[in-house]
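Reader: Could you walk me through this fold while I have it open on my screen? I'll have questions as we go along.
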Amino acid sequence: MVQQLLQEGITSIDQIPEAANLSITQRRVKDNVEWASADLARVLQSVEYPVHHLDFETVMLAVPKFPRMKPYQSIPVQWSNHIELQSAEIIHHEFLHGEPTEPRRQWAERLLESLGEQGTIVVYSSYEEAMMRQVAEAFPELRKGFSSVIKRLWDLYPVIKEHYYHPDFQGSYSIKSVLPVMVPELSYRDLLIQEGAQAASEYYRMVFIEEDWIEQARIKDALLQYCARDTMAMVRLRRALKEKAAAAL
């Protein structure tokens, strides 16, 4: 499509003709207006309380340090869960494996305990499900618990992509593009760790390299703040979407 438009002498979005065969996302970028679907309210109402907001952090090791693991296999080492009750009260659970030992069993057991058996589990990608399936495969005794949890997952990413658009997204639906537009007062700029690759690098340094306990504590705190920001972002995005849906009625 891009090459075809360039061949026709079209070099800016404003020049693209209305009849152009654009994808839904491309069309919204071209139209350059805020938009909310008529179904947004209904989709948001499909969640069940208590609503969990879940995010994982992982590390990939070039040389495996634990049995039955492959080079560069993603190893879940951290999670954050912000739980919104029907009363709008927020409860926060979190876990970070801070030792140079196999993290997955403790990570999983604490996670299943936090998630319980009730409520929708909000995520912002398919990554959390993939990690759950990987861990369940490694520990067959946990398969039943994870099977139940996976059925409760509710991905906020496609909800926003299919039901809401703002010109300031600039065509991107990543949480770091969406959050400052919809919740301007909440961002990652105040954090020492601001993205996933940095989190993985700092985790490796904290666990396998750093010997100064003060520096280890500093990294641990930064990791906890970063993962917690991801899940609080989902809480605030859901609330902002509710306001957008109400305004569109």
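Author: Before the sheet, a word on terms: two strands pair if DSSP finds at least two bridges between them, and helices (H or I, at least four residues) and strands (E, at least two) are DSSP runs, numbered from the N terminus. This is a predicted model, in which local features need pLDDT of at least 70 and side-chain atom pairs count only at pLDDT 80 or more, while totals for chains, interfaces and linings use all residues. Residues are numbered from 1 along each chain as its sequence is written, and side-chain values use heavy atoms, with hydrogens and water left out.

Reader: Fine, so what is the strand order in the open sheet?
Author: The order of its five strands is β4-β3-β2-β5-β6, and the pairing is mixed. The edge strands, pairing on one side only, are β4 (90-96) and β6.

Reader: Which strands does α9 touch?
Author: Helix α9 (residues 196-209) packs on the sheet against β2, β3 and β4, and its direction makes about 60° with that of β2. Axes here are lines fitted to C-alpha atoms, for helices over the stretch in contact, with angles running from 0 to 180 degrees between N-to-C directions, and contact means heavy atoms within 4.5 Å.

Reader: Switching to α6, which of its residues are buried?
Author: In α6 (residues 143-150), Phe-146, Val-149 and Ile-150 are buried, where buried means under 20% relative accessible area, exposed over 50% and partly exposed in between (1.4 Å probe, protein chains only). They cover an arc of only 95° around the axis, so they sit on the same side of α6; the arc is that of the directions from the helix axis to the C-beta atoms.

Reader: What do those buried residues pack against?
Author: The buried residues of α6 pack against α4 (104-115), β5 (121-123), α5 (127-138) and β6 (153-155).
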